[in-house]
Every structure is written in structure tokens, then in C-alpha cells.
Amino acid sequence: MSPRKWTKQIVIERIQYLYQQGIPVEKISSEDKRLCMVSYSLFDSWRDALACAGLKSMRQVWTPELVLMKLKEHHQRDISSRRRQKRDSSLLSAAVRYFGSRRAALIAAGIIKNRPPLPKKDWTPSAVIEAIITRHGQNLPLVNIYRHDKELFYASAKVFGGWHNAKVAAGVARDRKKWLSRDEIIQNLQSRHRQGESFNCISRDESDFYASIKVRFGSLHSALIAAGLPTPARQRWTKRTVIQSLRIRSEKGPPLTHVWKDDNPLFRAAVNHFGNWNAALRAAGLKFKTYQKWSNERILSIIRE
């Protein structure tokens, strides 16, 4: 089936047919959007298409004078009712079409005053630093500076490359840690491996280096794999292996009181399999110190004694 070839006569007949079906004039364009689009190409406007079909458009014919008058009426209505009314989209479109923007239309209507543009400041590194120090001395917020002082924010980005860098230059913020690259981390790990150093205490003794590993690789295990180094096999804990490890440590040391710090995998496995640390010690047949639970009544009774 070949597509319909639209002509002016077909458009006119279609409009008249829809109107005869009881569709209001202002609803015809939304009822048949294809018809409305074709009308713009065959006629100068939808209004002209309706006129040729013997109908009158219900849309407001806007002029610059009418736009200014309606803006004044809406402004007076907002003042009298003490609440802002819903904006008229057609009025707003006409204001933008004739005056360039809503603000320009409001200025032309005398509703708001045209404020002269502020003189642009010549921002230099010293001027940016001085402005930041002044804000800091006056206890003005240095966060969300884009909302408080856009000009200073853009000047900081232009001069120092960012707001944080500008605060560092002004001495009101600390420089962020510079994370090592992936290649630097791999070279460091490989060098440690050649020298026979252990990787067990990196997270505890070298927090900055470990933080770089976490940022770049997610974990030390992944970093060792990327560096082509042997990784310790992860032990799969069961209740039996937990009890055996606890008994061996109780006999040979170090003390069980520091397991959570010295052997965190064993501590986590004990809690996961037995519910808590004391229950794991009890299952292993080991003695442990119990802590008394204090209550208001017990405290008062001991004080009386």
C-alpha cells in the first residue's frame, strides 16, 4: 500500500472531518499530529490551515505590546494573591521570541530593574590566594564554593587548575596523597620479592603504599598476581581446622588474646563457624577469661558492700 500523498485539499478535508466528529478546534492538532506536521509544510502555519478549512484558531496571537501587558497582569496577580501563579508557557515562548529571554521581557515591562554588569576582576595567583585567605579569616565556608562565589571558583580553576589546588596554595588545605601508578607498585613488589621481604605486614606498617595498592588493584592478592609473584594459598577453614589452629597457638604461642591482630583470618574463621570468639575457645577446650556484665543494680550493690 503506497503512503498517502498529502495535498492542501486533503489537509482541509481532514481538518473538517475531525471537527465534524466533535473534536474541538484546539484539540485537532493533538488528535492527528501527522496532519499538523504536514500543515506546516503545505501552509504557512497551522493557523492558516485552519482558516482555509473555515475554522478559527483558538491560540492567542502575540505581539510585543500584548506580551508586556500580560506580564504586568501576571505580576500584579502574583502580588495580590501573595503566591506565584503557574507560568503560561505560550506567554513565556512569546516573551523569548520577541525579547530574547524572559528576564529581558521583564525588564522591558518595568517589573525588574536592569542591573549593570559587575566589573570583571583581574584574577592573578596572588589575588586568588588573598581572596581564599580572606574568606577563611572571616569564617566563610570554603566548601561548595561554586554556590557561594562562582567567580572565585572559576578563577581558581583557571589559575591553579582546581579549587582544591588553590586552597593548598593558600595554605588552608592539605595536598591530597599521590597514589603510585600500577607500574610503580609492580616494580616495588618485585623488588621486595627479590630481596626476600615479606608482604604480610604491608597493610599495617606501610599504610600509604597499601592504600595505593587498594586504589589500583583492589587487593594485595590481585597486585601480586599482576606482578607475576607467588601468592599464598588461601586456607579454607572448617570447624576442625579452626580448633586445631587454636590448640597449636595455645601450646606454642603467641597469646590467644592477640589473634584478632596477629592472625585475623583465624579470628574471622572462629567467629564465622562458632558465632563468637569465646564459643570457639570453648569448643577447642581452652580456658578463657570471662567478663562480668554490669548493671545498675550490681553497681549499687558493690558500692554498698
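Where is Asp-32 found? Asp-32 lies in the loop between helix H2 (28–31) and helix H3 (33–42), helices being DSSP runs of H or I with at least four residues, numbered from the N terminus. This is a predicted model, in which local features need pLDDT of at least 70 and side-chain atom pairs count only at pLDDT 80 or more, while totals for chains, interfaces and linings use all residues. Residues are numbered from 1 along each chain as its sequence is written, and side-chain values use heavy atoms, with hydrogens and water left out.

**Surroundings of Asp-32**
- Asp-32 is buried, at a relative accessible area of 13% (buried is under 20%, exposed over 50%, partly exposed in between, with a 1.4 Å probe and protein chains only).
- Apart from neighbours within four places in sequence, Asp-32 is in contact with Arg-14 and Leu-18 (contact means heavy atoms within 4.5 Å).

**Salt bridges**
- The whole structure contains three salt bridges (a side-chain nitrogen of Lys or Arg within 4 Å of a carboxyl oxygen of Asp or Glu).
- Arg-14 pairs with Asp-32, with the closest N and O atoms 2.9 Å apart. This pair links distant parts of the chain, 18 residues apart, with Arg-14 in helix H1 (residues 8–20). Arg-14 is partly exposed, at 28%.
- Glu-73 pairs with Lys-70 at 3.8 Å between the closest N and O atoms. These two residues are three apart in helix H5 (residues 64–81), about one helical turn. Glu-73 is partly exposed at 34%, and Lys-70 is partly exposed at 25%.
- Glu-197 pairs with Arg-192 at 3.7 Å between the closest N and O atoms. Glu-197 is partly exposed at 36%, whereas Arg-192 is buried at 11%.
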